[in-house]
Amino acid sequence: MPEPLLVVKDVQKHFGGVHAIRGCSFQVAGKSITGLVGPNGCGKTTMFNLVTGTFRPDSGAIVFAGRDVAGLRPHVMARLGVARTFQLTRVFKSMSILQNMLTVPSEQPAGERTRWAAEVLDAVGLAGQPETTAGNLSFGDQKLLEFARIFMLRPKLVLLDEIFAGISPALQERQMNVIRDFQTRFGVTFLVVDHTMRVIMNLCQEVLVMNQGQILARGTPAEVSHDQRVIEAYLGHRTTTKGGDNRGA
Amino acid sequence: MKNSKFLRLAPWVVALVALLVVPFTASGYITALFLSLLMYVTLAYGWNIISGYTGYVSFGQVAFFGVGGYTCAILAKGGVHWLVGSLVGGLVAGLLAILLGLVMLRLKGAYFAVGMLGLTQLFVALAGALKRVTNGSTGIFLPPSLTLVPVYLTMLGLALAAIIGTIFLHRSAFGLRLMAIREDEEAAESLGIHTTVYKIIAFSISAVIVAIAGGVMTWYVSFIDPQSAFPASLNLTMVIMAVFGGPGTVWGPLVGATSLGLIAELLWARYPGLYLVIYGIILLLIILYIPRGVVPSLGDFLRRRGEPVRKRRSGAVA
Amino acid sequence: MNTPGWFAALLQVIINGLLVGGVYALSAAGLNLVFGVLKVANIAHGDFMMLGAMTAYAVSLKLGLSPYAAMLVAAIVLAGIGALTQRFLVERVIHSPMFVSLLLLFAVSMILRNGALHVWGPTYVSLSHDSSVWTVGPLSFTKLRVAVFALGLGLTLALLWLLQKTAFGQSLRATAQHMDLAEACGINVRRVRMQAFALGTAIAAMSGALLVMLFSVNPSMGEIFVLKCFAIVVVGGLGSFSGAFAGAMIIGVAETLTSYYAATQLSDVTVFLLFLIVLVFRPSGVLGGKAT
């Protein structure tokens with residue numbers, strides 16, 4: 001068992017009266033590609049926001065590379081090597097592709113950064129016109145750019161929020177290859193949220209299933225997809241009782 | 001190579017020489033007109049740094065104009081040279097902006113805009129209330145400046161510094177990150193940009209520029225009181241000029257400030273009561289018809305005429 | 001039982017603040033309505049109040065109408081101006097980024113304020129000088145203030161009723177909650193936006209007309225009143241009508257307390273500080289519990 005890079009332990013998060021994350025615990029192994037799936041509203045994006053510092057957990061621990069990082073600000077998390085994409089694409093629209101890449105702060109000398117930007121752009125297939133304004137790119141290319149941009153951080157852990165949604169299977173394939181490539185070449189760890197089951201099944205070594213703010217099941221893609229609890233969570237068979245603590249599984 | 005660079009710089013050198021010669025050759029009226037234009041240029045560039053680049057639309061940068069003005073006036077009254085007084089005014093405003101920025105820049109969008117409106121009123125109220133420092137509504141009278149030349153040259157230097165500073169800013173990683181904040185602050189933060197620090201620096205630089213201009217102008221008019229320190233007209237004009245030229249661009253504020261500045265001087269003289277109304281109407285027309293400003297719109301227009309439509313990269317989604 | 005003098009004075013000041021709060025509540029409701037439906041922060045709101053106040057004053061003086069009738073005339077006139085402003089200006093930038101509509105309304109504010117200054121000059125005007133009072137123990141209630149408070153409160157409640165109980169209100173609320181969805185359900189959102197803005201400016205006009213019965217105002221009043229209205233909305237929590245009502249009371253009391261115990265000029269400073277403190281430490285408002 002490889003050393004876990006990210007450990008989430010008994011994390012709780014309320015929003016007003018809504019109990020969004022209810023004692024969520026899981027680990028992400030270093031240099032792995034881990035999937036995080038679950039029905040809409042189960043807390044996946046909230047979990048991302050907690051790990052990347054957008055939200056501060058009410059209680060519980062978030063340990064990244066051996067350090068408790070719960071409540072650190074997003075820019076600090078980014079500097080520590082935790083990078084993310086957003087569900088709705090967020091490229092800097094009025095800036096060029098290259099400017100989008102070079103905006104990301106780093107300690108490296110300018111020449112090295114430009115070279116790395118070119119390498120990453122080439123890997124995702126955007127190397128052609130670095131001066132193109134990002135806002136003029138197609139939807140799919142904007143997604144690719146946002147994806148490429150986070151590697152300027154030289155991240156250790158990358159959280160991908162539905163980057164496969166709404167793009168063609170060919171492009172999905174290319175992105176999966178890039179992810180595998182960065183995993184093997186640079187030892188980057190990925191935590192992937194997506195509804196595209198084909199992608200999760202192909203890409204991930206381990207899958208975590210969330211439901212109602214908790215981890216419901218974990219295992220290999222095959223194990224998880226045959227888990228009765230998971231199937232019920234998705235199809236909504238279980239009758240919800242108020243309180244929700246005693247759930248017969 | 002060398003030749004083309006020379007050709008490119010030549011018009012600028014000619015313009016600069018012409019501007020340098022103005023106060024020694026032209027009439028007092030013309031010199032005063034150019035001084036006003038240089039002030040507008042300075043203020044528009046000052047506003048552009050926080051609002052054009054960072055996207056935090058401030059309706060209250062004039063607050064720092066007053067801070068610079070009062071600092072200069074108080075120091076000059078105490079025997080300090082006005083130029084030193086203006087520079088100290090810039091420093092005071094810059095430090096004040098850091099402190100205020102810690103609070104104000106936590107406000108977003110409309111709240112920041114309204115907050116800055118309120119801040120200006122707060123400053124007016126304070127200037128009236130702190131009678132021992134500001135002499136209240138009576139104001140501070142300074143000895144009238146006998147020659148325009150030093151004031152003019154200082155303002156010219158300040159305007160040039162603001163323009164050259166913006167040229168470098170636009171090309172720098174720092175400038176890129178300010179633009180990233182404007183485009184999407186949350187995304188910028190997720191990429192490791194300490195947005196608070198960047199915003200405060202931009203706010204502070206803007207305050208320094210505006211405040212020095214305030215100091216110089218206060219010495220020029222030899223008087224300051226709460227009304228003249230925070231003029232609503234300047235507050236509006238610096239916004240309009242930058243927006244007209246193109247906020248967040250290098251040359252927008254220059255184009256906006258010189259063209260509208262000339263109109264402003266004309267209107268001011270002919271319709272002292274109505275010129276703010278006319279200015280408001282101009283701002284309306286700009287927002288409705290060229291919201292990105294003259295410089296980017298003109299650039300697009302020339303590019304479209306200059307080259308055939310380039311083939312779009314074929315995206316993933318057909 | 002004898003009430004100590006200082007306590008009676010304090011109570012009196014608080015009551016005066018609450019009575020002014022009635023008008024503030026009305027005005028803030030207008031701002032809230034426009035923000036809710038159009039998602040536009042109307043920084044010209046204070047100037048629409050001013051226009052209402054000046055219209056009511058002029059109409060009352062020229063036509064000899066009672067201040068209350070003049071208020072209705074001002075409301076109708078300003079509803080028209082609001083509808084035109086929305087249709088030809090705001091509507092055109094409704095899908096643009098926030099700063100575009102901010103700049104636009106900033107321009108509108110400048111035009112209204114300086115236009116009014118040009119027409120009416122900077123002199124202060126006031127409509128009514130009725131200062132008869134009811135006395136209850138050591139406390140006195142200016143009849144006019146009570147009447148204005150009652151009107152402000154009544155109109156605010158009428159607005160709430162309009163929003164909650166009528167089909168028109170339902171279309172407004174649907175648009176406020178989800179513009180695209182409302183459109184898909186067959187609501188003419190463009191018309192709804194125009195109606196909401198017109199209603200918002202009419203409300204601003206009525207509150208301005210009520211204010212000119214209590215205080216002296218001049219064409220520059222907008223610059224401070226827009227701040228007050230935003231402070232109220234912020235203190236109460238954006239989009240919450242009951243919150244705005246509480247916010248109006250808090251702001252009203254805070255400024256009368258400052259005027260009485262410190263200095264009149266500082267009352268605006270208090271309002272501004274409240275605005276900042278609440279925004280920085282409790283962005284969801286003093287009463288609001290939910291963060292969205």
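A: Start with one pair: A:Arg198 forms a salt bridge with A:Glu173, with 3.6 Å between the closest N and O atoms. The term covers a side-chain nitrogen of Lys or Arg within 4 Å of a carboxyl oxygen of Asp or Glu. This is a predicted model, in which local features need pLDDT of at least 70 and side-chain atom pairs count only at pLDDT 80 or more, while totals for chains, interfaces and linings use all residues. Residues are numbered from 1 along each chain as its sequence is written, chains are lettered from A and ligands numbered from 1 in the order in which they are written, and side-chain values use heavy atoms, with hydrogens and water left out.

Q: Which parts does the pair A:Arg198 and A:Glu173 tie together?
A: Helices (H or I, at least four residues) and strands (E, at least two) are DSSP runs, numbered from the N terminus. A:Arg198 lies in helix 7 (residues 197-203) of chain A and A:Glu173 in helix 6 (residues 169-186) of chain A, so the pair ties together parts 25 residues apart in sequence. Over all chains, the structure holds 22 salt bridges.

Q: How many residues are in contact between chain A and chain B?
A: Contact means heavy atoms within 4.5 Å. By that rule, 33 residues of chain A touch 23 residues of chain B. Buried area is the accessible area (1.4 Å probe) that two parts lose on being put together, summed over both. Chain A and chain B bury about 2,500 Å² between them, and carbon and sulfur atoms give 56% of this. Of the area that chain A buries against chain B, 22% comes from A:His75, A:Arg90 and A:Phe92, more than from any other three residues.

Q: What polar features cross the interface of chain A and chain B?
A: A polar contact is a pair of N or O atoms within 3.5 Å; within protein, one must be able to donate a hydrogen and the other to accept it, and residues adjacent in sequence count only if both atoms are side-chain atoms. Between chain A and chain B there are 10 residue pairs in polar contact (both at pLDDT 80 or more). The rule also finds 3 salt bridges across this interface. A:Arg90 forms a salt bridge with B:Glu186, the closest N and O atoms lying 3.1 Å apart.

Q: How does the interface of chain C and chain B read?
A: Here 32 residues of chain C are in contact with 32 residues of chain B. The buried area is about 3,100 Å², with 85% from carbon and sulfur atoms. There are 0 salt bridges and 2 residue pairs in polar contact. Helix 4 (98-120), helix 9 (222-236) and helix 11 (267-281) of chain C each give two or more residues to the side that touches chain B. Helix 4 of chain C gives the most, with 14 residues.

Q: Which strands stand at the edges of the sheet in chain A?
A: Two strands pair if DSSP finds at least two bridges between them. Chain A has an open sheet of 6 strands in the order 6-7-8-3-9-10, with mixed pairing. Strand 6 (82-84) and strand 10 (214-219) of chain A each have a single partner strand, so one side of each is left without a neighbour in the sheet. Strand 6 of chain A runs parallel to strand 7 (residues 157-161) of chain A, joined by 3 bridges. A:Val82 stands opposite A:Leu157 in strand 7 of chain A.
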